There are 2 protein chains.
Amino acid sequence: MAIEALKWDGEVLWLIDQRRLPLEETWLKLGSYEEIGTAIGDLVVRGAPAIGVSAAFAMVLAARSDASTEGLQRAAGQLRQVRPTAVNLAWAIDRVSQRILQLPQEERVAAAEVEAEAIRNEDRAACAAMARHGADLFEPGSRVQILTHCNAGALATAGIGTAVGVVRELHARGCLERLWAGETRPILQGARLTAWEAMQDGLPVTLMADTASGKLFSTDCLDAVVVGADRIAADGGVANKVGTYNLAVLADRHNVPMYVAAPTSTVDLNLSRGSSIPIEQRSADEVTEIGGQRIAPLGVEVFNPAFDITPAELISAIITENGVARPPFEESLRSLCRKA
Amino acid sequence: MAIEALKWDGEVLWLIDQRRLPLEETWLKLGSYEEIGTAIGDLVVRGAPAIGVSAAFAMVLAARSDASTEGLQRAAGQLRQVRPTAVNLAWAIDRVSQRILQLPQEERVAAAEVEAEAIRNEDRAACAAMARHGADLFEPGSRVQILTHCNAGALATAGIGTAVGVVRELHARGCLERLWAGETRPILQGARLTAWEAMQDGLPVTLMADTASGKLFSTDCLDAVVVGADRIAADGGVANKVGTYNLAVLADRHNVPMYVAAPTSTVDLNLSRGSSIPIEQRSADEVTEIGGQRIAPLGVEVFNPAFDITPAELISAIITENGVARPPFEESLRSLCRKA
């Protein structure tokens, strides 16, 4: 069983505090929607699916404290603000709201809990399905070495993860020789989260600076790169954590397959091309400080894009819960999304 | 005038403490060869040329305290140990020793100083020549954007630097639009040293995490990558700070020239191919800790190669003090080395 980022015990939501990992494993007990909202805003929990599931349980607690339509709408509005760009946050809040607002007030708490648990269970099932479809891409009985980037793991979802879910399934099948994790500057999700969750679950993992990936490719040991995605355009272009494109270009040169594992909810069929996905610039401090410690000259200009775009022609396959899309992605992705 | 990493005042050697940059500019006054040896070993000064020049002045101080053949040989032996893999260290010590051991004891101190100053002045001149040859590769009157990696700057030499020397010359000619510096994990020489020395000298510099380089290439703003080298094989394959190969692969995909600036002393004609250059693995702590602060799980396995190899086919030109070598490098490099 994989570690879990969040636990609902019927009364409160428990979240592992991801800001303190890997040095401390602290669980926070959140008994109100306001507390969950603050925790999402403060990055106690991150990863689009995990944020969505947390917000769904926040709506259960909101209904429990005030199940009136006015009260629920106020809570939904407040929660939506805490990370305005996170698509899954608004999506989960809206889904619970729409389900319960049509019911009499006295039925709303129970219905909210049913809906939140459904969202969690669907995410778990999607992770498990992606893991199977992804692992099926490799020869049965082989021993493979996989490079991943950032954290597309259990800590980012309610299940076993997207990219790391595929790796877990390979491990369960006895096919995983090694998982290589790039540390993923500036936020170090690879070092802090992926390495930690892999070790928790007994996966053979090796950590490295992002600069070492070229050298690793040169050793010809890699069987695939498997990463998650923040957003996928209709043409198969992928926005993911900055540094993903660097790995895709290296994989192309070394004839290593580049796989993206993401649920169909990540696919935005309204965006025709990956290159039109807007890229958020984040604060300079993320680059100039590590844990409050300054590592660069005061006042230096900083380029800090949160994501980059990997164009479709560098992607070998996109692994979804409904199956694997192959190029040309315009058709294959649309067909898998229709199944959703 | 560029900042300087070391100053000889006729009595003692002054070294800027590079371990404390960019937060503090501390100069250490070193009055004995033992102190200089310790400073080299403790990484107060780094960069092959700067280490060589520091060691040469250490031999002046050794001669001043004991100019006997036995005393000088003992000092030379001790100094050689402090960073046994640094080629320039042994080279500079041997050059001063050979020059003075043939002289009567009373002439040795003065001759050592002449030789050490010659080594320093030759390094300065080589930097200046590389800078001119490198800047000549760009259209006069153009405004260029250059990406560099690690620190191949004034802090690594006795002059204006190798790769950063080229950038300084472009700036002096009014041709530099922007220098982009990758932070260069794990040791962060880009963030700590290159960004600092560029700002000291008024160069327009932007710092970024190494992961952001792919995104930067995607914006099509770069005119060249210019890096230094730790060792160059006869075929033109280059060992340089880990992460250099990643940039070379990106540069190739984006049709951006990949230039290497290094003195001919870096070329090892006895090594036929870049791929045969041995790569040092360094300690896991460099990846798992930053400034003593842990950023990864205890006990995680780490891959930490200090360098990588960029094969000759990815290098557009090698800039030396004797001119610019173009592919095929077997002939062009040999010819430039013959001039040395």
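The legends below describe close-up views of a predicted two-chain model.

Residues are numbered from 1 along each chain as its sequence is written, and chains are lettered from A and ligands numbered from 1 in the order in which they are written. Local features need pLDDT of at least 70 and side-chain atom pairs count only at pLDDT 80 or more, while totals for chains, interfaces and linings use all residues; side-chain values use heavy atoms, with hydrogens and water left out.

**View 1**

**View 2. The interface joins 58 residues of chain A to 58 residues of chain B.**
Contact here means heavy atoms within 4.5 Å. About 4400 Å² is buried between chain A and chain B, and carbon and sulfur atoms give 66% of this area (buried area is the accessible area, with a 1.4 Å probe, that two parts lose on being put together, summed over both). Thr211(A), Arg253(A) and Phe303(A) supply 16% of the area that chain A buries against chain B, more than any other three residues. The rule finds 20 residue pairs in polar contact across the interface, both residues at pLDDT 80 or more. A polar contact is a pair of N or O atoms within 3.5 Å; within protein, one must be able to donate a hydrogen and the other to accept it, and residues adjacent in sequence count only if both atoms are side-chain atoms. On the side of chain A that touches chain B, α9(A) gives the largest share, six residues.

**View 3. Salt bridges cross between the chains.**
The rule finds six salt bridges across the interface of chain A and chain B (a side-chain nitrogen of Lys or Arg within 4 Å of a carboxyl oxygen of Asp or Glu). In the whole structure, a search over all chains finds 44. Glu313(B) forms a salt bridge with Arg253(A), with the closest N and O atoms 3.2 Å apart. This pair runs from the loop between β15 (307-310) and β16 (317-320) of chain B, which holds Glu313(B), to helix α9 (residues 244-253) of chain A, which holds Arg253(A). Helices (H or I, at least four residues) and strands (E, at least two) are DSSP runs, numbered from the N terminus. Glu313(B) counts as exposed, at 58% relative accessibility, and Arg253(A) as partly exposed, at 31%. Buried means under 20% relative accessible area, exposed over 50%, and partly exposed in between (1.4 Å probe, protein chains only). Glu313(A) forms a salt bridge with Arg253(B), where the closest N and O atoms are 3.3 Å apart.

**View 4. Glu197(B) and Arg168(B) form a salt bridge.**
The N to O distance between their side chains is 2.8 Å. Glu197(B) is in helix α7 (residues 189-200) and Arg168(B) in helix α6 (residues 163-172) of chain B, so the pair ties together parts that are 29 residues apart in sequence. Glu197(B) is buried, with a relative accessible area of 0%, and Arg168(B) is buried at 9%.

**View 5. Asp17(B) and Arg19(B) meet in a salt bridge.**
Their side chains are 2.8 Å apart, N to O. Asp17(B) is buried, at 1% relative accessible area, whereas Arg19(B) is partly exposed, at 44%.

**View 6. Helix α6 of chain A is largely enclosed by the rest of the structure.**
Eight of the ten residues of this helix (residues 163-172) are buried. They are Ala163(A), Val164(A), Gly165(A), Val166(A), Val167(A), Arg168(A), Glu169(A) and Leu170(A). Gly174(A), which follows α6(A), has a positive phi near 75 degrees.

**View 7. The largest nonpolar core has 70 residues.**
Such a core is a set of buried Ala, Val, Leu, Ile, Met, Phe, Trp, Tyr and Cys residues joined through side-chain atoms within 4.5 Å. Leu147(A), Phe217(A), Ile232(A), Leu147(B), Phe217(B) and Ile232(B) have the most contacts inside it. Leaving aside neighbours within four places in sequence, Ile232(A) has contacts including Val238(A), Val260(A), Ile318(A) and Leu333(A). Another core, of 67 residues, lies apart from the largest one, and among its residues are Ala135(A), Val287(A), Ala126(B) and Ile319(B).
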